Amino acid sequence: MRKGYPTRLDVLGLVVAAGALFFGLPGCSERASSKAQAGSKIDLGSGLSHHAAPELPRDPNARLEALEREDLDAELQESPTLATWLGARGHDDQLDDVRIEAQGRRVARLRALLPEIVALDDQALDATHRIDKRLFTLRCQDALFDLTTLHPLESNPLIYVDLASSGIEELLDEEPTSLPDRLRSIDARLWKIRPLLDEARRNLRSAGAAELKVRKAIELAQSAKSYFAETLPKAVQLADPKLMEDFHAADADASHALDDFSGWLQKDLLPRAKGDFALGRDRLLEKLRVAEGLDGVTPEELVAAGERELKAARARYDAASKLVLASAKPGADLTKVIEDDHFKADELQLGAQAAAEAIVAFLRDQHLVTLPAPPRPRVVDMPPSLWGFAQLAAPRPLEPKAREAFLYIDPVDKGWPERRKQEQLRTFNRATMRVTLLHQVAGHYLEAMRDRAAPTTMEKIALAPSFVEGWPDYVEKMMVEQGFGDSDPKLELIEARSQMVRDARLVAVVRLHALSAKLDDATKVFTDEAELDDYQARREAERCAIDPMVMLDALGRIEIEKLRDDWQAAHEASPPSLGAFHDALLAHGTPPVTILRKILLPGDSGSPL
């Protein structure tokens, strides 16, 4: 599931995060306020309130809130993994109902709901509820588009592997002290993985699956099987023998189920996988319209925007490269110069702590944004159940009481061979660490904490990828432009390279899904324009083919930068600070940037690009 926070580190395009999906799931957000506080009317401790549908209020604002509550109640019952991720904890022992008939009931529910939302008169709604109505409409349209046009349950085996693994991982992403209380829910979900995968076999009967997605699903199923068999037991270490016995039985069944599913994918589904991964021009544009409110743009315009940004990022990269090499020994290798500048193994966490403090101090001293409390997550060693170089665990949008946020840093194990230790330290070098923490601390953490303060529940759960991923991407570039890092060319080089990879994804996605490009064509974008080697470039091209919404990282940043420039131009007579723009931008959860544009620039009809 593509979600905004917590997030595993995809190190500037070098570590490809596989398994990203787009399946009617929202993006990221937070906040709190007046009578529009729909979240206060939901029992989040024991799941959402189950109530017979009452007669809807006549007042349009109250009527909209009632429709929102009913829809969210239904959605979290339909998708317990989403409920867990959002922080509504009444369904932690369940997995999503993926039966075709269940999806049919959801389609019927949404088709009945959408006209009721649309029928509400905008003029009768106050400003807050007009925003909610727009978000609610897009949410329903997006889910219906996926279910009735894309048919992911019948064509994408990755969904099932993702549900199996994320359903467990999300229960582990909390304070370790609460593990005994959660272990029964973990066991219950582990026992439900085999029925989930049995249902997957029934749903994937046609030849509509794309070969690329099936091969990726085989790869991820084996990875998930290894996770359950090897990593998960290390994360679940309790003294109670009965709890451990029950866990091991459930865990073994889930591991075997994933192994069996991987074999079925290989022997049964793969030979008949004749589908096309490409959405096609019309379906890509419709997906952007219903998911992001992005209307009236063409694939050619999207590619042109991506190419423009890619060219600019490449120019910054080349300039920084020259500065780095100018201060190095003659004939030095650029990559080696960057990677040789790393912390010692026992300094890694302290280095990350100092980098996080420096980011917070810069934001505060330059008045770039109003900081949350606490201003940064706590930096700690990563537990064995997580992986990657860094991972943020932040409070969820609907948690009644915010948990403490952690930034996990993967420590160097003293038992590793020296070569592996050095590989870890060199890859997570000082410049890469600082850009990573810009993304996580000033990006996702700040976003998550402000999201919890959003005025309405609908704004909290908007979680539009253009903002969820666009804001951290924007922050990286903005902070360097504002002088963070004292013009360190190594930092500027890594920041520019991260932008190059994301801009290349935007170009590659549109060409693959709307302009009939082949995987080899997309691969060349990453080798020729983003400085990736052949293996990394191919993995990125495959990622773009499997998950077209990965384009929204760069596209969201482009939209935010354009909105900033247009907003400052609109206030030219009395120019507000950059911090004022950022506070205004973060004041509405994480809706699509197109909606933020309507809020910050009422009546504006300019291009979002």
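Predicted model: local features only at pLDDT ≥ 70, side-chain atom pairs only at ≥ 80, totals over all residues.
**Entry 1: cysteines**

I started with the disulfides and found zero of them in the structure. C140 has a relative accessible area of 1%, and the cut-off for buried is under 20%, so I put C140 down as buried. C544 comes out at 0%, so C544 goes down as buried too.

**Entry 2: α8 and α9**

I wanted the geometry of this pair before the residue list. Helix α8 covers residues 211–235 and helix α9 covers residues 241–269. Their axes sit 9 Å apart, at an angle of about 165 degrees. Angles over 145 degrees count as roughly antiparallel, so α8 is roughly antiparallel to α9. I also noted the hand of the crossing, which is left-handed.

Which residues of α8 meet α9? From α8 I wrote down V214, A217, I218, A221, Q222, A224, K225, F228, A229, L232 and P233. On the α9 side they meet F247, H248, D251, S255, L258, D259, S262, L265, Q266 and L269. Sorted by class, this contact has 13 nonpolar, five polar and three charged residues.

**Entry 3: α15 and α18**

Then I moved on to helix α15, residues 430–451, and helix α18, residues 470–481. Their axes come within 8 Å and cross at roughly 125 degrees. Is that angle oblique or roughly antiparallel? Roughly antiparallel needs an angle over 145 degrees, and roughly perpendicular runs from 65 to 115. The crossing here is right-handed.

For the contact itself, α15 brings V435, L438, H439, A442, G443, H444, L446 and E447. They meet W471, P472, D473, V475, E476, M479 and V480 in α18. My class tally for α15 with α18 is nine nonpolar, three polar and three charged residues.

**Entry 4: E561**

E561 lies in helix α22, which spans residues 552–570. Is E561 buried or exposed? Its relative accessibility is 9%, so E561 counts as buried.

I then asked what E561 touches, skipping its neighbours within four places in sequence. E561 is in contact with E309, Y474 and K477.

Note on methods:
Residues numbered from 1 in each chain as written. Heavy atoms only, no water. Disulfide = S-S within 2.5 Å. Buried < 20%, exposed > 50% of the residue type's maximum accessible area, 1.4 Å probe, protein only. Axes fitted to C-alpha atoms, helices over the stretch in contact; angles between N-to-C directions. Helix = DSSP H or I, 4+ residues; strand = E, 2+ residues; numbered from the N terminus. Left-handed = near helix turned anticlockwise from the far one by under 90°. Contact = heavy atoms within 4.5 Å. Nonpolar A, V, L, I, M, F, W, Y, C, P; charged D, E, K, R; others polar. Parallel < 35°, antiparallel > 145°, perpendicular 65-115°, else oblique.
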